[in-house]
Amino acid sequence: MEISNTPIEAIEAYAAEILDRYRDLAPNSWELPDKITFTVKPTEDLSYQITFNVPEYFYYAEHGRSPGRMPPVAAIEKWMLVKSIVPQLESTAPSLKQAAYCIARHIGEAGIKPTNYFQSAVNQVSTKDIA
């Protein structure tokens, strides 16, 4: 981490280091790390607050999802379209909606394991240079 001239520069460097470490930990196929931004603001008590701005699905990527309920099928359809995952155009292949339902049902039954990549990145980046 580079030594900075002002406290806010040091804190911005700390937040940037967390994002860099997160990019290192997350799989290369993930686009999520590139969608995260941050802001640093002074607070009334003369400290600073780092806010990481994350996509709505970040929580489930980081913390996973317990089995029990299906996620919204529309959200899975949207994810499939973004990832260019479309069923084959054969008569026996399921439609996009059917495939999304099957994925949602599987997530509802099995859940999603947590990754904890972001928390690991936070834990690995030292705050000793920020004083």
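Are helix 3 and helix 4 roughly parallel or roughly perpendicular to each other? The model is a predicted one, in which local features need pLDDT of at least 70 and side-chain atom pairs count only at pLDDT 80 or more, while totals for chains, interfaces and linings use all residues. Residues are numbered from 1 along each chain as its sequence is written, and side-chain values use heavy atoms, with hydrogens and water left out.

The axes of helix 3 (residues 73-82) and helix 4 (residues 96-110) come within 8 Å and cross at roughly 115°, where axes are lines fitted to C-alpha atoms, for helices over the stretch in contact, and angles run from 0 to 180 degrees between N-to-C directions. Helix 3 and helix 4 are therefore roughly perpendicular to each other, given that 65 to 115 degrees counts as roughly perpendicular, under 35 as roughly parallel, over 145 as roughly antiparallel and the rest as oblique. Helices here are DSSP runs of H or I with at least four residues, and strands are runs of E with at least two, numbered from the N terminus. On the helix 3 side the contact (heavy atoms within 4.5 Å) includes Ile76, Trp79 and Met80, which are among the residues that meet a set in helix 4 including Ala100, Ile103 and Ile107. By class, this contact of helix 3 with helix 4 has twelve nonpolar, no polar and two charged residues.

Among the residues in contact, Tyr14, Ile18 and Tyr22 belong to helix 1, and Phe118, Ala121 and Val122 to helix 5.

Turning to the strands, strand 1 (residues 37-42) and strand 2 (residues 48-53) run antiparallel and are joined by six bridges, pairing of strands requiring at least two DSSP bridges. Val40 has Ile50 in strand 2 as its bridge partner. The two strands form a hairpin with five residues between them, and Leu46 in the turn has a positive phi of about 65°.

Technical notes
Nonpolar A, V, L, I, M, F, W, Y, C, P; charged D, E, K, R; others polar.
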